[in-house]
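Please study the sequence and the structure shown below. The report that follows moves from single residues to the arrangement of the whole chain.

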Amino acid sequence: MLTIFRMIASKSGWLLLSFVGIVIVLALANELPAKLSDWKAEAVRAKQLARELETDLPNFDKAAHDAIHAADAEIASLKRASDARLATAERDIAQRTEDANRRVLINPKIAIFKGQADQIVASYHAKYIELPLLKRASQLIEIRRENFRNVRTRQAQISSLRQAHALHAAKIAAFNKRAGERNALQRQADAQLRARVCRSVDLPFGCGLVREVKKRDAALTVERLQLEQDAQDLRDRKAAMRELALRREQFADGAAIARSATDAYAAEVNRQSRQAGDYTWNRVTDAFQRYSGTAFWILLGAVLVPILHKLFAFLVIAPFAARASPVRLRNGGQPLVATASGKSVDVAIDCDSELLLRSGLQSSSVDIRGSDQYLLDCRMPLTCFAAGLFNLQRLRSDRPDHIVVTGTDENHRLALITVPEDGAIVLQPRALLGLVKPRGRRLVITRPWRVRWLISWITAQFRYVVFHGPCTLIVQGQSGVQVEDAARGRMINKRLTLGFDAGLAYGAARSASFLPYLRGEASLFNDRFHGTGFYLYEQRAAGMGKGGLWGRGLKGIGDTVLSALGV
């Protein structure tokens, strides 16, 4: 009962989660079209705004220069205006400044979101053209009104200084008059006989004139010092009046304001263009507009170049194969003997032979002994690893016996290829599942190179792997292994060839028709054999073979390299 409850609870939980997930997906799918429409509209609106701003850039620059010319004319008028006219102009400029400030957008993102380009242009015009020009005019008015006040102050100072000079001149005249009177008294005192005594001794009687002269000298000294102080004050007032200079009526350059405004507007245009370009919708549409032509030609080239390459190879390169001399690895020798292929083969061994097997052991006698052999041939380790001929089973028996071997999978069929004592077979090691060889005798495997032969460069096969008898090879191939006599001169699809008698002349011939080669169903070259002996090939479909150089990426490149090495 508890188990049933747990199962119901688990199923209910999964059903509940599935129900919630379906609701969420449906909700998102229901809102997705509207969101996509909004995203598209926003992207298109941003792009249209950037385009309108960019289109209006020359008009903005022209408007900036027109405003500068009008402002320069106003500046020239203000330079000649009176104090009363300046007050009127100041009130007008204050009103225009207030109007311009109202046109400046406090939050331009709203206008940008709505795509209101005219408001953005008006805001930049007010912020970077009107307000700087109005500020310049206001500064000029302030300077001129200050100069007017300084002029009035200077005039008052000049009038006061003139009055002070007149008073100072009157004081000097009075001082000179009193000095003359003192000099007259001095002459009278000098005329008296007692004057020398009176200058030496102050007598209480008879020396009144000398005492009066001394008294007046003291008063004149004080007055003279006061006149000198008054003269110094007048000089200081003159210097202060000279320092009361008018301010220079300088103001900002209109051309610099126009350049600054145009640069700011251009920066806004670039910013809007970048933001519009960041939208995914605009990126996609811009990419299609910018690269669609290039993509078309690339796609067309990707379609035509392989066709042209194959056409060139079929019509120009392949005909050389018929005129190239075939490769013959040895002269004569006993031909191989083959059995019909099947899902399994019965391999006979005795006390003088042993079986080296990669895999596929089906059944064997209990008397058969097994051991490991790491490589088929230590002299060619790379070939053994590439062909999978490592970690082999060595099976031996002290009496005549047999072992049943199957293929590596359901699609492979096996055949026994017997190579006599004087025979040899060229075989691709990848097709070798195992072999029977004399016990205690090294298997002879040679790897002749044929680099200087033209046919090797045409077929891109420069090395061959040759198994020398006596031995029996267990060969596997997809769908079966077919053995045919090459006495009458035979051709076989290059992708299907597994091996051939080493005494055969091996060459190449162009594929019979172009379309199978174009579709990848056939190789450019067919293997051509001539002489006394047999060749063997797989019975699978020709289009299922190894990849060509460009057939299947890295796999095709690897297959091409292994094929060139005869693996």
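Leu 53 lies in helix α1, which spans residues 2-55. Helices (H or I, at least four residues) and strands (E, at least two) are DSSP runs, numbered from the N terminus. The model is predicted, and local features need pLDDT of at least 70, side-chain atom pairs count only at pLDDT 80 or more, while totals for chains, interfaces and linings use all residues. Residues are numbered from 1 along each chain as its sequence is written, and side-chain values use heavy atoms, with hydrogens and water left out.

Leu 53 has a relative accessible area of 0% and is therefore buried. Buried means under 20% relative accessible area, exposed over 50%, and partly exposed in between (1.4 Å probe, protein chains only). Not counting residues up to four places away in sequence, Leu 53 touches Ala 117, Ile 120, Val 121, Tyr 265, Val 269 and Gln 272; a contact means heavy atoms within 4.5 Å. Between Leu 53 and Ala 117 there are 6.5 Å from C-alpha to C-alpha, although the two are 64 residues apart in sequence.

Which helix gives the most to the nonpolar patch? It is helix α9 (residues 280-317), with ten residues. The patch covers about 940 Å² of surface, and Leu 299, Val 303 and Phe 320 are among its residues. Patches are made of residues with over 30% relative accessible area and no salt bridge: like charges are joined within 9 Å, and nonpolar side chains (Val, Leu, Ile, Met, Phe, Trp, Tyr) within 5 Å. Accessible areas come from the Shrake-Rupley method with a 1.4 Å probe; for residues, only the protein chains shown count as cover. Leu 299, found in helix α9, counts as exposed because its relative accessibility is 55%.

The chain has 14 helices and 19 strands. Seven strands form an open sheet with antiparallel pairing, in the order β1-β8-β13-β10-β3-β6-β5. Strands β1 (337-338) and β5 (369-375) stand at the edges, each with a single partner strand, so one side of each is left without a neighbour in the sheet. Two strands pair if DSSP finds at least two bridges between them. Strands β3 (residues 353-357) and β6 (residues 390-396) are joined in the antiparallel sense by four bridges, and Glu 354 has Arg 396 in β6 as its bridge partner. Strand β17 (residues 505-510) runs antiparallel to β18 (residues 525-530), with six bridges between them. Five of the six residues of β17 are buried.

The structure holds 26 salt bridges. A salt bridge is a side-chain nitrogen of Lys or Arg within 4 Å of a carboxyl oxygen of Asp or Glu.

The structure holds zero disulfides, a disulfide being a pair of cysteine sulfur atoms within 2.5 Å.
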